[in-house]
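Hi,

Here is the structure I promised to pass on. Have a look at it first, and then read on for what turned up.

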Amino acid sequence: MSQTDIHSFNALYTRYYRKAFLFTKSFVHDESVAEDIVSESLIKLWENLKEENTDHADALLLTILKNKSLDHLKHEAIKAEAIHSMSNLNQRELEIRISTLQACDPEEIFSEEVKKIIADTLATLPEQTRRIFVMSRFQNKSNKEIAEELGITVKGVEYHITKALKPLRISLKDYLPILCFLLLIE
């Protein structure tokens, strides 16, 4: 870049920067964004003026500023819409969780039907598996306590609990929230 080019750009910058900045900031409401738009616009104006001399530099700069500001504002509108959509989605999901929890009836959860399904399913299990599962889930004993009481390893206890959970998951598939609550799936 020659000294003449630098001098001409500095003159252009000095002449238009403040006016262009105030114009742009009045629309984008962000000083740093306005500074960026003005800087890019002045460079574009300078490049256009180097290519072709015009008597309408003010109008050309205003057009460049307008278009760059519009691009920025449209981009912000798209971002705001995306955030709004995500917020609506989160709100709907929250409302679903609230209504589901409000519809949760403890009487129904602990109904005879569910108890019967659990009892019937547990009755199909081998004695050791059933006993370990009952100790874990209904007597609230830790795996370590069960292992010590029955003289087996903690891994053995975990195996039997997993073995019991498989048929219970199938039997209670229509009662998934109950299953999670009652059995604390591992």
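Rings of Phe, Tyr and Trp, the last by its six-membered ring, count as a pair if their centres lie within 6.5 Å. Please keep in mind that this is a predicted model.

With that cut-off, the structure holds 6 aromatic pairs. In one of them, the rings of F9 and W46 have centres 5.4 Å apart and planes at 75°, so this pair is edge-to-face. F9 belongs to helix α1 and W46 to helix α2, so the contact ties together parts that are 37 residues apart in sequence. Both F9 and W46 are buried. One aromatic cluster takes in these two along with Y13, Y17 and F21.

F133 and F138 make another edge-to-face pair, because their planes stand at 80°, with the centres 6.1 Å apart. Here F133 is buried, at a relative accessible area of 0%, whereas F138 is partly exposed, at 40%.

What sits over the ring of W46? It is the charged end of K50, 4.2 Å from the ring centre.

Helices α1 (3-28) and α2 (31-51) each supply at least two of its lining residues, and the largest share, 5 residues, comes from α1. By class, the lining has 6 nonpolar, 2 polar and 2 charged residues.

Enjoy exploring it!

Best wishes

Technical notes:
Residues numbered from 1 in each chain as written. Predicted model: local features only at pLDDT ≥ 70, side-chain atom pairs only at ≥ 80, totals over all residues. Heavy atoms only, no water. Helix = DSSP H or I, 4+ residues; strand = E, 2+ residues; numbered from the N terminus. Nonpolar A, V, L, I, M, F, W, Y, C, P; charged D, E, K, R; others polar. Phe/Tyr/Trp six-rings, centres within 6.5 Å; stacked < 30°, edge-to-face > 60°. Buried < 20%, exposed > 50% of the residue type's maximum accessible area, 1.4 Å probe, protein only. Lys NZ or Arg CZ within 6 Å of the ring centre and 35° of its normal.
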